[in-house]
Structures are given as structure tokens and as C-alpha cells.
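Please walk me through this structure in plain steps.

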Amino acid sequence: MADNEGEGGNPGEGGGEDRGQTRPQRPTQTFQGLGSLRQAMTAATRATPAAPAPVVLAETDVEPKRDELGRSYATGKRKNAVARVWIKPGTGKITVNDRDSPVYFARPVLRMLISQPFVVSDRLGQFDVWCTVTGGGLSGQAGAVRHGISRALVFYEPGLRPTLKHGGFLTRDSRVVERKKYGKAKARRSFQFSKR
């Protein structure tokens, strides 16, 4: 007993160092807000210059679907939201329900979500988007707009289909709210149990 007192006390403490299982220590880095995180991310991308591969258009026999105004139309869906999306060549302006996208989708994550199809297909700032979206909440609506933009891009340029398909942008996310069952408080939650 007296021999073990000076060597660590509890059996769970300090046992890993004696067995040769030392881990390399990472430098601790903390970020004060989004600004410093963004600077760290840009510094990391500069350190590893992996130039993105240019988007190669696949050879297809599919004709582009455009109306007389040069627009392509598609419908996007997510949860309970349905978005009707028109795209045409332009400066990259996105209008949602007659409002600019920064006004309608105030959260930066939602704005990033709807611009993902353009980033992946290397078409950022080349198309104007006009859409109307109904149903659901803001997150579901942003997902519906993203789905609609992806499908409209494929209708406008069928060669982009493999790139967008590989990124999972053309798949309709089928997860919706589960229905409530009788005898339950919600879909699966039971009422509070009472023994007597």
C-alpha cells in the first residue's frame, strides 16, 4: 500500500503512458468568431494548393430544355417545402419570393446551401435565379431551392449531370416528419407513465 501512494493514486490515472501508448500532442488553437476561423481556413487552403479539377462536361445526346426567354425551369422539394425555380444566364442574382436571397435567407448557412450547385459545377455568378417557394420552414425551403437549382442547371446544361449527381444534388431527400400515431403523444413518444 505504501509503495503505491506516490505513483498516481487512482488506478485510472496515468496508466497509458507506461504502456508505450503516447499520442502526438496537437497544437491547441482557438478561434474568436467567424473572422479568425475564416482566416485560418484561407491560410490552410493556401498551404495546400490543390487546384480544383475543371468541370468536364459529359458528352450527352440530351437537348437542353429552355423556354422562349432562354430560361430553364425545375421544381425542387425538401421536407414539406416546394420550390419553383427558373434560371437564365446573368450576374448571379438570386431572387426568392420577390426578395433578394440575403434578405429571405438571413442565415449564412442557408445562403451557402443554395449556392452549392453553382460552386460544384463551377458556374458561380453566371446564372440569375428567380424562384418561388412555399411550405415548410426556412431550412426546408433552402433545401428545396438547392434541389430546384440543381435540376434546372441540368436542364440548361445536360453535361453537368454527372458532376451534380456525384455530389448528391439531384437526389430528393425523402426524409419527412413521421405521422402521429393514436395512443401516443407524438409519432413515437409515449404519454407519461403512471403506476397508479
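The chain averages a pLDDT of 85, and 76% of its residues score at least 70. pLDDT is the predictor's confidence in each residue, on a scale from 0 to 100. This is a predicted model, in which local features need pLDDT of at least 70, side-chain atom pairs count only at pLDDT 80 or more, and totals for chains, interfaces and linings use all residues. Residues are numbered from 1 along each chain as its sequence is written, and side-chain values use heavy atoms, without hydrogens or water.

Helix α1 (residues 33-47) has the lowest mean pLDDT, 70. Strand β1 (residues 72-78) has the highest, 97. Helices (H or I, at least four residues) and strands (E, at least two) are DSSP runs, numbered from the N terminus. Where pLDDT is low, the predicted coordinates should not be read in detail.

Now the sheet. Five strands form an open sheet with mixed pairing, in the order β1-β2-β5-β3-β4. The strands β1 and β4 (99-100) are at the edges with a single partner strand each, so one side of each has no neighbour in the sheet. Two strands pair if DSSP finds at least two bridges between them. Seven bridges join β1 to β2 (residues 81-89), and these two strands run antiparallel. R78 stands opposite A81 in β2.

A helix packs on this sheet. Helix α4 (residues 138-156) touches β1, β2 and β5 (127-134), where contact means heavy atoms within 4.5 Å. The direction of α4 makes about 145° with that of β1. Axes are lines fitted to C-alpha atoms, for helices over the stretch in contact, and angles run from 0 to 180 degrees between N-to-C directions.

Next, the rings. The structure holds five aromatic pairs. Rings of Phe, Tyr and Trp (its six-membered ring) pair if their centres lie within 6.5 Å; planes under 30 degrees apart count as stacked, over 60 as edge-to-face and the rest as tilted. Y73 and W86 have ring centres 4.9 Å apart and planes at 45°, so this pair is tilted. Y73 sits in β1 and W86 in β2, 13 residues apart. W86 is buried at 16% relative accessibility, where buried means under 20% relative accessible area, exposed over 50%, and partly exposed in between (1.4 Å probe, protein chains only). W86 and W130 have centres 5.0 Å apart and planes at 50°, so their pair is tilted. W130, in β5, is 44 residues from W86. Ring pairs link Y73, W86 and W130 into a cluster.
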